[in-house]
Amino acid sequence: MNSQNYDITASSVWDALQRLAEAAPGIRISDLIQQDQDRVDNYSLESAGLFLDYSKNLVTDQVMELLLELVAESPLEDQREKLFTGEKINITEQRPVLHTALRASSARLQQDGLDRSSELIAGQKLRIKALSDQIRSRAWLGSTGKPVTDIVNLGIGGSDLGPKLACEALKEFSHERINCHFVSNVDGESIHSTLKMLEPETTLVMVSSKTFTTQETLLNAQTAARWFEQRLGLVNAYASPHFIGVTASRQNAIKLGIKEGNILEFWDWVGGRYSLWSTIGLSVAICIGYDNFERMLAGAQQMDIHFRESPARENMPVILALLGVWYSNFLAAESHAVIPYCERMLSLPSYLQQLDMESNGKGVTLDNKPVNCSTGPIIWGQTGTSGQHSFFQLLHQGTHLIPIDFIGLLGDDLSSPEHHRVLMVNMLAQSAALMSGKQDSALPLYRNYPGNKPSNVLLMEKLTPETFGALIALYEHKVFVQGCLWNINSFDQWGVELGKALANSLLEGDTELDRSTSGLMEKLDACLGSVGN
Ligand code: F6P
């Protein structure tokens, strides 16, 4: 099946699932587990160093079979081949979507007819390696001849979230003498307070922006350039060894003044939110070393192979996607929580918010028609156990259906067995308690816990570059599968453009405003005057 005129809601399987959804409130997940000796085995998958137990979901075998039928009728297989072989599946921007190529072997790329991409990728990987080695070995010198000790990544969205998450999550592998800082927001406090703790002589700024037109990143870069100029007496800091540009628009980086030799490239066929694997990952390679960066790519590649080659019922991204479709489209869940029990993955929910909500927050199909069903859910989360003491109350006794992904490590060399056991036991206890609940008619209702709250448990032995890479690729593919089922373009982000354009017009002062916004603007102008205009 191809995506032309595909409508998931038109299938007879959709109607059958709707009928089963009506019966779902009468089903207890705990009964499903108790009654079926094989359920836990049948509802578990292992791949690329990740183990998924999805037995605690509100799905019967019949529901799973129908969901699998839904996927068989969908354009997934066709679209997946197009993804891996570089067809222009991002139709509104007329671009291929080739983040998977960034982590594929050159033999695989040649098999897929992607020889040219393979060459480009190999060339930029050499540059990531050379640059990161140079910085890590203290051979990259600032304008006064001192080695760099601090790098500051200026970028936002995909040019920030992925590298920041990877550097934090893979802290165990980070260089002791090189500190990585990330500034994304245009809130001046952020860049000012970061620069305040740094020495300009030993600081390197990486301006990371696919387009090199992003207002926030360019203003932060300008502030950093002035800081270098004032503190080091430089005439044009952009052209100094204190600036590197990472971009898909070489000419825009050159226009800003960055030296040609200090520009690393990637390409328009790498989406911003999928760019961690490209030269945008330079900060990661500097932080954890190029070999570990390669290990991260290798882990993601393993997940790519699993996704491309495994049958749907054994395919981890497909199963996660189908469960999400079941909850969103049939049981009216509006959000999905991701709770990593690992403080180093604190930024994972933010990362997944962009990945999922910028990809699948769409209301129009690939055929340019309004969608007939709800699409991407609201993604949110926090680390456990911290979340247990804030929003878990709502998960246990609130009125919303919120499926959860719990993510945990079996072992953690940065923790201690005593701490780690408490952490992990808490995670397992939460997933069990949410499922079982506790009913006691002798107690008032507020002391009763309805239970039957679904969750997945994703485990990995340790948080290594490989398992981290596989985890991120798993979510990328889950989002892709859902996009195929809903027949939307998961690779554009036109919605973001309207706000950007209005902010620019407001800054220029050349737009007609509604009375509410103009009143608020007057207050701002009265306070700030024309500063920033
Ligand atoms: O505004 C959304 C967005 O285009 C994201 O998709 C992207 O990751 C981010 O802005 C940053 O864009 P750039 O890398 O071009 O600065």
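In the predicted model, helix α7 meets helix α13 through Lys125, Ile128, Lys129, Ser132 and Asp133 on the α7 side and Tyr290, Phe293, Glu294 and Leu297 on the α13 side. Sorted by class, this contact of α7 with α13 comprises four nonpolar, four charged and one polar residue. Helix α7 spans residues 115-136 and helix α13 spans residues 290-309. Their axes come within 9 Å and cross at roughly 145°.

Helix α1 contributes Trp14, Leu17, Gln18, Leu20 and Ala21 to the contact, while α14 contributes Trp326, Asn329 and Phe330. Of the residues in the contact of α1 with α14, six are nonpolar and two are polar, and no charged residue takes part.

The ligand is surrounded by 14 residues, of which Ser159, Ser209, Thr211, Thr214 and Glu358 are the closest. This shell divides into nine polar, three charged and two nonpolar residues. Several distances describe how oxygen atoms of the ligand are placed relative to the protein. An oxygen atom of the ligand lies 2.5 Å from an N or O atom in the side chain of threonine 214. For lysine 500, the distance from a side-chain N or O atom to an oxygen atom of the ligand is 3.2 Å. Glycine 158 takes part through its backbone, a polar atom of which is 2.8 Å from an oxygen atom of the ligand. On its own the ligand has 390 Å² of accessible area, and the protein covers 90% of this area. Two or more residues of the shell around the ligand come from each of the elements α15 (348-360) and α19 (494-508).

Two features of the backbone geometry were also examined. Most residues other than glycine have a negative phi, and most peptide bonds are trans. Asparagine 5, by contrast, has a positive phi of about 60° although it is not a glycine. Asparagine 5 belongs to the segment before α1. The other feature is a cis peptide bond between glycine 384 and threonine 385, with omega of about 5°. Threonine 385 is located in the loop between β9 (378-381) and α16 (392-397).

Key. Residues are numbered from 1 along each chain as its sequence is written. This is a predicted model: local features need pLDDT of at least 70, side-chain atom pairs count only at pLDDT 80 or more; totals for chains, interfaces and linings use all residues. Side-chain values use heavy atoms; hydrogens and water are left out. Contact means heavy atoms within 4.5 Å. Helices (H or I, at least four residues) and strands (E, at least two) are DSSP runs, numbered from the N terminus. Ala, Val, Leu, Ile, Met, Phe, Trp, Tyr, Cys and Pro count as nonpolar, Asp, Glu, Lys and Arg as charged, and the others, Gly among them, as polar. A residue is near a molecule or strand if one of its heavy atoms lies within 4 Å of it. A polar contact is a pair of N or O atoms within 3.5 Å; within protein, one must be able to donate a hydrogen and the other to accept it, and residues adjacent in sequence count only if both atoms are side-chain atoms. Accessible areas come from the Shrake-Rupley method with a 1.4 Å probe; for residues, only the protein chains shown count as cover. Axes are lines fitted to C-alpha atoms, for helices over the stretch in contact, and angles run from 0 to 180 degrees between N-to-C directions.
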